[in-house]
Amino acid sequence: MKTILMTKFTEFMLAEMQENDWTQAGLARKAKLSRGTIANLLSENRKPGPDTCKALAIAFNLPPEMVFRKAGLLPGKDTSNGE
């Protein structure tokens, strides 16, 4: 389960980086994180924590809740009830 979550988070990060035309170094600058942190997240050597998720949300201009959900730090939204 953890590997699947990490892979999905990595895919999410890569998609956002591609959409913004950012390299790992570019994302690191925008998120005010080290290049090593970005590399470790993308290689799945490190799980994203709350501070990292907040920094990525700011960099990607996304709601923090969305990034936290992608990282598996919040449960997914239940859309079965039509909300």
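Is Phe60 buried or exposed? I looked it up: Phe60 is buried, with a relative accessible area of 5%. My cut-offs for that are under 20% relative accessible area for buried, over 50% for exposed and partly exposed in between, with a 1.4 Å probe and protein chains only.

Ground rules before I go on. The model is predicted, so local features need pLDDT of at least 70 and side-chain atom pairs count only at pLDDT 80 or more, while totals for chains, interfaces and linings use all residues. Residues are numbered from 1 along each chain as its sequence is written, and side-chain values use heavy atoms, with hydrogens and water left out.

**Overall layout.** I find five helices and zero strands, running α-α-α-α-α from the N terminus. Helices here are DSSP runs of H or I with at least four residues, strands are runs of E with at least two, and both are numbered from the N terminus. Of the 83 residues in the chain, 35% count as buried. I also checked contacts, meaning heavy atoms within 4.5 Å. Among those with a separation of 6 or more, 51% come from residues 24 or more positions apart.

**Aromatics.** I paired rings of Phe, Tyr and Trp (its six-membered ring) when their centres lie within 6.5 Å; planes under 30 degrees apart are stacked, over 60 edge-to-face and the rest tilted. The count by this rule is three aromatic pairs. The Phe12 and Phe60 rings sit 6.0 Å apart at their centres with planes at 80°, so I log that pair as edge-to-face. Phe12 is in helix H1 and Phe60 in helix H4, so the pair ties together parts 48 residues apart in sequence. Phe12 is buried too, with a relative accessible area of 7%. Trp22 and Phe60 make a stacked pair, 5.9 Å centre to centre with 15° between the planes. That pair links the loop between H1 and H2, where Trp22 lies, with Phe60 in helix H4, 38 residues apart. I noted one aromatic cluster, formed by Phe9, Phe12, Trp22 and Phe60.

**H2 against H4.** Next I looked at how H2 (residues 24–31) packs on H4 (residues 50–60): the angle is about 100° and the axes are 8 Å apart. Axes are lines fitted to C-alpha atoms, for helices over the stretch in contact, and angles run from 0 to 180 degrees between N-to-C directions. H2 and H4 are therefore roughly perpendicular, a label covering 65 to 115 degrees, with under 35 roughly parallel, over 145 roughly antiparallel and the rest oblique. On the H2 side I see Leu27, Lys30 and Ala31, meeting Ala55, Leu56, Ala59 and Phe60 of H4. In H2, Ala25, Gly26, Leu27, Ala28 and Ala31 are buried. Just after H2, Lys32 has a positive phi of about 60°.

**Two threonines.** Thr10 lies in helix H1 (residues 2–20) and is buried, with a relative accessible area of 7%. Its side chain makes a polar contact of 3.4 Å with the side chain of Glu44. For a polar contact I need N or O atoms within 3.5 Å; within protein, one must be able to donate a hydrogen and the other to accept it, and residues adjacent in sequence count only if both atoms are side-chain atoms. Thr37, in helix H3 (residues 35–42), is buried with a relative accessible area of 11%.
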